Amino acid sequence: MTTLALDSKNNLIAFGNFVTREGINAVVQDVKTLLLMWEKEYPFNLTKGLNYYDIVNQNSNSLVKREIARRILEDKRIINIQSLECSFERGVLNIKATLETTEGVVVI
């Protein structure tokens, strides 16, 4: 699968033509994009994304991990989540995952 390349601020990268990513790099970028999408943000399907307000307000690490895992597994290239760590630091949710994908193992 090919995906359009994004920079660190989620802007499309283009130098006359759009830059694309393939393989492992596409999986990494696409999973990060999945996790950054809030529920109701995608205008073509308002149920896509995560309702982070509701998830975090439950104050349950297991719920956070379960919802993050569910969202990651929406990408059909993900075969298995080998490890998933979610932690909060100064109000910021940090996610670290090791994923078995159709392209190989990747750490996000």
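A salt bridge is a side-chain nitrogen of Lys or Arg within 4 Å of a carboxyl oxygen of Asp or Glu. I use this definition in the entries below.

**Entry 1: the model**

I note that this is a predicted model, in which local features need pLDDT of at least 70, side-chain atom pairs count only at pLDDT 80 or more, and totals for chains, interfaces and linings use all residues. Residues are numbered from 1 along each chain as its sequence is written, and side-chain values use heavy atoms, with hydrogens and water left out.

I looked up the confidence, given as pLDDT (the predictor's confidence in each residue, from 0 to 100). The protein averages a pLDDT of 92, and 100% of the residues score at least 70. I then compared the elements; helices (H or I, at least four residues) and strands (E, at least two) are DSSP runs, numbered from the N terminus. The lowest mean pLDDT among them, 86, belongs to strand β1 (residues 2–4), and the highest, 96, to strand β4 (residues 92–101).

**Entry 2: Arg-77 and its partners**

I found that Arg-77 forms a salt bridge with Asp-30, with the closest N and O atoms 2.8 Å apart. Arg-77 lies in the loop between α3 and β3 (78–89) and Asp-30 in helix α1 (residues 23–36), so the pair ties together parts that are 47 residues apart in sequence. Both Arg-77 and Asp-30 are buried, where buried means under 20% relative accessible area, exposed over 50%, and partly exposed in between (1.4 Å probe, protein chains only).

I also recorded a salt bridge between the side chains of Arg-77 and Asp-75, at 2.6 Å from N to O. Arg-77 has a relative accessible area of 10%, and Asp-75 is buried with a value of 10%.

**Entry 3: helix α3**

How many salt bridges does a search of the whole structure find? I counted six. One joins the side chains of Arg-70 and Glu-67, at 2.9 Å from N to O. These two residues are three apart in helix α3, which means that about one helical turn separates them. Arg-70 is partly exposed at 39% relative accessibility, whereas Glu-67 is buried at 18%.

Is Arg-71 buried or exposed? Arg-71 counts as buried, because its relative accessibility is 1%. Apart from residues up to four places away in sequence, Arg-71 touches Leu-34, Leu-35, Met-37, Lys-48, Gly-49 and Leu-50; contact means heavy atoms within 4.5 Å.

Leu-4, Leu-12 and Phe-18 form a nonpolar patch on the surface.

Ala-5 is found in the loop between β1 and β2 (20–22) and is buried at 1% relative accessibility. Leaving aside neighbours within four places in sequence, I list among the contacts of Ala-5 the residues Asn-11, Leu-12, Val-19 and Gln-29. Ala-5 and Ile-78 are 73 residues apart in sequence and 19 Å apart in space, C-alpha to C-alpha.

**Entry 4: strands β4 and β5**

I saw that β4 and strand β5 (residues 104–107) pair in the antiparallel sense over four bridges; two strands pair if DSSP finds at least two bridges between them. Together β4 and β5 form a hairpin, with two residues between them. Thr-101 stands opposite Gly-104 in β5.

Methods. Patches are made of residues with over 30% relative accessible area and no salt bridge: like charges are joined within 9 Å, nonpolar side chains (Val, Leu, Ile, Met, Phe, Trp, Tyr) within 5 Å. Accessible areas come from the Shrake-Rupley method with a 1.4 Å probe; for residues, only the protein chains shown count as cover.
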